[in-house]
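Keep a distance tool at hand, and follow the stops below in order.

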Amino acid sequence: MLQKAAGGGAQANEDVEEGGGVRRRAPPVELKLVPLEEGSEVTLNSDITSALMLQQQIDRRKAAVYLTLSGLLIFTTAFLLGYVAFRGMCRLCGNDGDLIPLSDAAGAQHSAEGGVMYMAELREMLKKYLKEERIEDTLRRVSRASHPPGSSEGNAVAREILQNLQNLRMDHTWTDSHYATLQFPSRTQRNTLWLVDSEGAELEEIPLDSEGYCAYSATGTTTGGVVYVNYGRREDFDQLRAMGVALNGSIAVARVGGAVSFAEKVWLAQEAGLVGVLIYPDPADVPQDPRRLGLHSDAVISEHVHLGSGDPFTPGFPSFNHTQFPSTQSSGLPIILAQPISANVASKLLSQLSGAGCPRGWQGRLPYVQCVLGPGFTGPGERRVKMAVYNTMKPVLLNNIFASIEGKVEPDHYIIIGAQRDSWGPGAVKSGVGTALLMELARTFSNMVENGFYPRRSLLFVSWDGGDFGNVGATEWLEVRTALKYYR
C-alpha cells in the first residue's frame, strides 16, 4: 500500500488544478511501502474492485446522458433544417405551407412505385400526346351535317364515337339509354308569320326558315301588335313599363344575346303579358357581313325555351325503358308562342313600327331601321302580326356513350369529362368542338396509361345525347344516379 508522508521521498511533478482556475504545484510527498497484515489481501482486492465498478457505472451514466442530449440536439437541428428546406421547395404547398390538391387526375408517375405527378408534368404529357390535326379531323367529320337526336345521322355519329372509344385502352365502355319527349317542327304544317288587318284578314305572309324553331314552345296561333324589347332582359321590360309602352297582348321582337337565354326571354315576356316572342340575331351582336365569317342575313338561330334541364315531362325523376310515371310536366314550359326569325325578317317588321323612340343603347345595326318601340305600325289602317307554331312532341331514344379509365387509389370517385354530341345544324361550335376535344383527350389519356401513367380517381369520358334540348341526356343520367342512391 502506498502511503503519503509529509516530507522527503518521491516528488509529484503534476500540477494540481483547484477551484477558481488557479493552478499551483503540489507539495512534495513521500511514498513508502507498508507491509500488509496477514489475511488482509481479500479485503483490499474487494475494495479496489468495488471502487472500480462504481466508477465505471458513473462513467456509463454520464456517457448515456451526453449521448441522449447530443442525439436530441442533432434531431432537432435536422428537423428544423428539413422543414425550412421542404417549405421552400414544396410544389404542392400554399402560402401557409399546407398541402393542397392539384388535380384529381394526377396519379402516379411513370414508375411502378407510384411517385406523385405534379401539374406541370401532367401539362407536359398532354402537350406531348395531344395532336391538333386529330382534333381538326374529328371536327370536320362531326360537323359535316346536322345530327339531331334519334335521326339516322345522329345514330351514325354515335356508332362512330362508340367504336373509336372501344379501340382505345379503356377499362370499360358502355352505353346508357333513355326515352325522352322532345319537340320537333311538324312535318305536315310549317310555322308561319302573317301581317293581318284589324279584322284579322291575312294581308302578307312573311317567309320563315322551315328548319328554324324553338323547342318546347307552346303551339297554336296568336295575333297582336309588335313591341321591340331589346334583349328581352328583366331591366328591358321594366324600362318599357316605365315608358308606358303597351305590352299586354303584344308580340315581342327580341335580339339574341344580352346574357339571357331564349328560355329566359320567353319567360320574362310571358310574365309581362305578351302573347308571343320572335327572336333574331342582330348584326351588332352576330357578324353578318358576307365578306367575313358569320351568319347570313337570312339565317336563324334555334334554341329550346324550356326554363330548366332534362325531359320536361319527367321533371325530377328519370325517364328510361318506357317506364310509366304519373302524368306531369315541368313548370318551366312556356304557355306563349316562340319562334326564331332572321335579321331580314326582323328588319321588315321593325322598319314599319310606330311609337316612342328606343332608349339609348337599344339601337342595333339592322339596315334601314329607325329604332322605334311600337306596338303600332305606320301607314293607313291598323295592322298586326299573326304567328302560328305547329311543333310536335315525339318520344326519342337517347344514347349516352361512356368510357372509363379506372382509378388506382379511389376508383369509386369519378372525374367526368363530357361533351354534347347532338346538333340541330352542323353544330361546329358546340357539338363539333366539344366532341373533337373529348375524343382527343380520351385518346391522350389512353396513351399515357400505356406509358405508365395512372389517375388517382377514375376518369369518365361521356358523349351526351339531347344537349340541344336542355342537357336532356346528362340530366336524365344524373337523375338515375340520384334515384338509385335515394332508394338504396
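Start with Glu202, which is partly exposed at 40% relative accessibility. The model you are looking at is predicted.

**Stop 1: Glu202 and its partner**

Now colour the two strands: Lys386 lies in strand E15 (residues 384-389), while Glu202 lies in strand E7. The pair therefore ties together parts that are 184 residues apart in sequence. Check the surface at Lys386: this residue is partly exposed, with a relative accessible area of 24%.

**Stop 2: along strand E7 to Glu205**

Stay on strand E7, which covers residues 202-205. Select Glu205, also found in this strand. Glu205 is partly exposed, at 27% relative accessible area.

Which residues does Glu205 touch, not counting those up to four places away in sequence? Select Arg190, Thr192, Leu193 and Trp194. Zoom in on Arg190: a polar contact of 2.8 Å joins its side chain to that of Glu205. Then draw a C-alpha to C-alpha line from Glu205 to Leu195. The line spans 6.4 Å, with the two residues 10 apart in sequence.

**Stop 3: Arg233 and Asp236**

Select Arg233 and Asp236. Their side chains meet in a salt bridge, with 3.1 Å from N to O. Asp236 counts as buried, at 1%. The cut-off for buried is under 20%.

**Stop 4: inside helix H5**

Show helix H5, residues 234-242. Pick Asp238 and Arg241 within this helix; they sit three residues apart, about one turn. A salt bridge joins them, its closest N and O atoms 2.9 Å apart. Asp238 counts as partly exposed at 41% relative accessibility. Arg241 is partly exposed too, with a relative accessible area of 43%.

**Stop 5: a network**

Select Asp137, Arg141, Arg144 and Glu160 together. Salt bridges link these four residues in a network.

**Last view**

Zoom out to the whole model. How many salt bridges does the structure hold? The count is 16.

Technical notes
Residues numbered from 1 in each chain as written. Predicted model: local features only at pLDDT ≥ 70, side-chain atom pairs only at ≥ 80, totals over all residues. Heavy atoms only, no water. Helix = DSSP H or I, 4+ residues; strand = E, 2+ residues; numbered from the N terminus. Buried < 20%, exposed > 50% of the residue type's maximum accessible area, 1.4 Å probe, protein only. Contact = heavy atoms within 4.5 Å. Polar contact = N/O pair within 3.5 Å; in protein donor to acceptor, adjacent residues only side chain to side chain.
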